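This report looks at side chains and the partners they meet. Please keep the sequence and the 3D view at hand while reading.

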Amino acid sequence: MIYLKKTFIASFFAFILFLSAGCGGQEREITHEIVLSEDYSVSEIGKDITKVSSPYGIVCREEDILVCDYSGNKIVILDMDGNYLREVGSLGSGPLEFIRPTGMTRTEQYIYVIDSGNNRLQILDRELGFVREIGLPDLRMSELSFFMDIAVTSEGDIYLSSSFTDKRISRIYRISGEDKAEEVSSQTFFGYLASEGNQVYGVNSMELYEEKNAVGARSGESSLKNITEKKDISELPYKYCPLDFVLYGDSYYCLSGLTASLDRLDSQGAYLDTLAKMPSFKGPYVWIDVTSDGTFYVTHRKEGSIFIVRKKADE
């Protein structure tokens, strides 16, 4: 019990330090410079329009946008301009009830929602009806420790990442077969996931550390990874602090905590340009998704807003 208490306190203060310092970390020269594209515009849609109090995971469909409302304990459905349409769910532990939903993804048939406070996945159909749930390992040390992001392969394997700052449990987990979550590897991972076909990719946002019984996370070295093949694709700029990302066309589109921007990376992970700048993220909990026509939607927990980034010609 002493271990749990120390870990809880350390995790809480590590999170507070992250919020205060943004993406601070070890001293070293930062050489990353941004090249801002003139082809995209960005618009901010506030909670007065979306009725989302604390936006987390987001899924874009052809007809609407789904957003996890972390503090509202529900999923909110928006139109393509961010206007509120309706909502699903309420506080609780039954079907279509949520406690602090975080990451979300979809396949052609299903919507997968990390119901972090209930320590489970809820799987919904396309009409957002309840299908079933999958229990998750109870590794939580506090409300700030939860399974954060999710990716599902074309073969139905489910991959999960976490916000656990304890190096001993901060891993990527995979669920397949008998609905049992198992560690993908022994390497620590604090970051985000995306899938394409049967391949899963990831960016490790933070370096985890342990000093005198204290654990925490800070920006520093990071990389773009092929999780399925267990190899690095490329290193990212120092203190880049990658947040959520998506694959679109032959590029990766990644949110950077260093510059509070949406960046385009080539297929080898090299920086190309920046589509849009946004207010400082001040924390790791930011998600992104993209529509089939290349319009990006970014949830910004600190601002309580959703940002829409689209080509100017599309306006």
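Is Arg61 buried or exposed? The model is predicted, and in it Arg61 has a relative accessible area of 4%, so this residue counts as buried. The cut-off for buried is under 20%.

## Arg61 and its surroundings

Arg61 sits in the loop that joins β2 (55-60) to β3 (65-69). Beyond its neighbours within four places in sequence, Arg61 is in contact with Leu66, Met80, Arg106, Ile111 and Arg126. Glu108 is 47 residues away from Arg61 in sequence, while their C-alpha atoms are 9.9 Å apart in space.

The side chain of Arg61 also makes a polar contact of 2.8 Å with the side chain of Asp64. This pair is a salt bridge as well, with 2.8 Å between the closest N and O atoms. Asp64 has a relative accessible area of 7% and is therefore buried. A network of salt bridges links Arg61, Glu63, Asp64 and Arg126.

## Other salt bridges

The structure has 14 salt bridges. One of them joins the side chains of Asp179 and Arg132, at 2.7 Å from N to O. This pair links distant parts of the chain, 47 residues apart: Asp179 lies in the loop between β14 (173-176) and β15 (180-183), and Arg132 lies in strand β11 (residues 130-135). Asp179 is partly exposed at 30% relative accessibility, and Arg132 is partly exposed at 37%.

Asp166 and Arg168 form a salt bridge through their side chains, at 3.1 Å from N to O. Asp166 is buried, with a relative accessible area of 1%, whereas Arg168 is partly exposed at 44%.

## Aromatic rings

The whole structure contains 15 aromatic pairs. Why does the pair of Tyr110 and Tyr112 count as edge-to-face? The ring centres of Tyr110 and Tyr112 are 6.4 Å apart and the planes stand at 85°, so the pair is edge-to-face; the cut-off for this class is over 60 degrees. Tyr110 is partly exposed at 29% relative accessibility, while Tyr112 is buried at 8%.

Tyr248 and Tyr253 are also edge-to-face, because their planes are at 65° and their ring centres 6.3 Å apart. Tyr248 is partly exposed at 28%, and Tyr253 is buried at 7%. Elsewhere, Tyr56, Tyr70, Phe146, Tyr192, Tyr285 and Trp287 make up one aromatic cluster.

## Charges over rings

Lys51 lies over the face of Tyr84, at 4.7 Å from the ring centre. Arg218 is placed over the face of Tyr209, and here the distance to the ring centre is 4.3 Å.

Note on methods. Residues numbered from 1 in each chain as written. Predicted model: local features only at pLDDT ≥ 70, side-chain atom pairs only at ≥ 80, totals over all residues. Heavy atoms only, no water. Phe/Tyr/Trp six-rings, centres within 6.5 Å; stacked < 30°, edge-to-face > 60°. Buried < 20%, exposed > 50% of the residue type's maximum accessible area, 1.4 Å probe, protein only. Lys NZ or Arg CZ within 6 Å of the ring centre and 35° of its normal. Helix = DSSP H or I, 4+ residues; strand = E, 2+ residues; numbered from the N terminus. Contact = heavy atoms within 4.5 Å. Polar contact = N/O pair within 3.5 Å; in protein donor to acceptor, adjacent residues only side chain to side chain. Salt bridge = Lys/Arg side-chain N within 4 Å of Asp/Glu carboxyl O.
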